[in-house]
Amino acid sequence: PPRLDNVTIASNNSDNTTLAKTGNVITLSITSEEAIQTPSVSIAGQAATVTGSGTSWSATYTMADNNTEGSVSLNIGFSDLAGNAGSAVDNTTNGSAVQFDRTAPILDEITAVPTPTADNASSYTFNSTEAGTITYGGSCSSNDNTSVVGDNEIDFNAMADGTYDNCTITVTDNASNTSDNLSVSSFTIDTTAPKLNEVTPV
């Protein structure tokens with residue numbers, strides 16, 4: 001019976017080909033030891049689009065919201081040109097694998113910036129359900145760019161006196177799923193000490 005010499009799997013995820021999110025394309029590359037008929041291929045339990053000929057084939061599937069998270073499954077059924085069936089293959093030959101993650105991080109504010117505050121480089125704490133890369137929006141910025149699962153305390157870069165009500169935080173996980181904007185509660189920075197003016201001389 002025919003055999004498959006080479007089976008590899010990869011994602012077109014821009015950050016990591018071993019991870020996939022919704023909309024990413026999974027590609028199985030298949031090489032057989034002899035010419036085979038068009039193989040029957042499923043990826044993540046769904047029928048894949050198969051192209052190729054002879055001993056070289058490719059199968060693709062675009063991940064969807066209803067696919068199960070975790071390791072992306074595969075199954076290849078095939079026969080040679082004489083109709084002899086090979087043993088179905090459900091693993092890669094080089095150990096390659098793709099993990100599917102369709103869930104974006106969820107963020108919650110834990111400790112707002114005290115307002116008013118005399119500290120122009122204020123600290124702020126938020127909670128994330130996933131690790132990832134932090135992006136800041138609005139007037140706020142920070143050198144703290146990596147989130148962990150759980151509470152994250154970050155320090156905003158120094159800002160001038162004033163009220164800030166447009167700051168946002170997002171977290172993008174390793175599969176490139178980005179959270180909704182977390183709106184930072186409005187806060188006011190006032191570093192100017194009060195002055196007393198003489199009203200009635202003694």
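Reader: Which kind of contact joins the side chains of threonine 172 and threonine 178, and how many Å does it span?

Author: It is a polar contact of 2.9 Å between the side chains of threonine 172 and threonine 178. (A polar contact is an N or O pair within 3.5 Å, one able to donate a hydrogen and the other to accept it; sequence neighbours count only through side-chain atoms.) This is a predicted model, so local features need pLDDT of at least 70 and side-chain atom pairs 80 or more, while totals for chains, interfaces and linings use all residues. Residues are numbered from 1 along each chain as its sequence is written, and side-chain values use heavy atoms, without hydrogens or water.

Start with threonine 172. It is found in strand β17. (Strands are DSSP E runs of at least two residues and helices H or I runs of at least four, numbered from the N terminus.) Leaving out residues up to four places away in sequence, threonine 172 touches Ala131, Gly132, Thr133, Asn177 and Thr178. (Contact means heavy atoms within 4.5 Å.)

Now move past the strand. Serine 176 sits in the loop between β17 and β18 (182-183). Its phi is positive, about 80°, although serine 176 is not a glycine. Serine 176 is also buried, at a relative accessible area of 12%. (Buried is under 20%, exposed over 50%, partly exposed in between, with a 1.4 Å probe and protein chains only.)

The S-S torsion is about 75°, so the disulfide is right-handed. Both ends are hidden: cysteine 140 is buried at 4% relative accessibility, and cysteine 167 is buried at 2%. A search of the whole structure finds 1 disulfide.

Next, look at an open sheet. It has 4 strands in the order β1-β3-β7-β6, with antiparallel pairing. (Strands pair if DSSP finds at least two bridges between them.) β1 (4-11) and β6 (49-53) stand at the edges with a single partner each, so one side of each has no neighbour in the sheet. β1 pairs with β3 (residues 25-32) over 7 bridges. There, isoleucine 9 has leucine 28 as its bridge partner. β6 and β7 (residues 56-62) are joined by 5 bridges, and threonine 49 partners threonine 60. Their hairpin has 2 residues between the strands, and glycine 54 takes a positive phi near 60°.

Two loops deserve a glance. Alanine 44 lies between β4 (40-43) and β5 (46-47). It has a positive phi of about 55°, although it is not a glycine. Proline 116 lies between β11 (107-111) and β12 (123-128). The peptide bond into it from threonine 115 is cis, with omega near -5°.

Finally, step back. The protein has 0 helices and 19 strands. Its C-alpha trace spans about 115 × 25 × 20 Å along the principal axes. Of its 202 residues, 37% count as buried. Among contacts with a separation of 6 or more, 62% join residues 24 or more positions apart.

Key
A disulfide is a pair of cysteine sulfur atoms within 2.5 Å.
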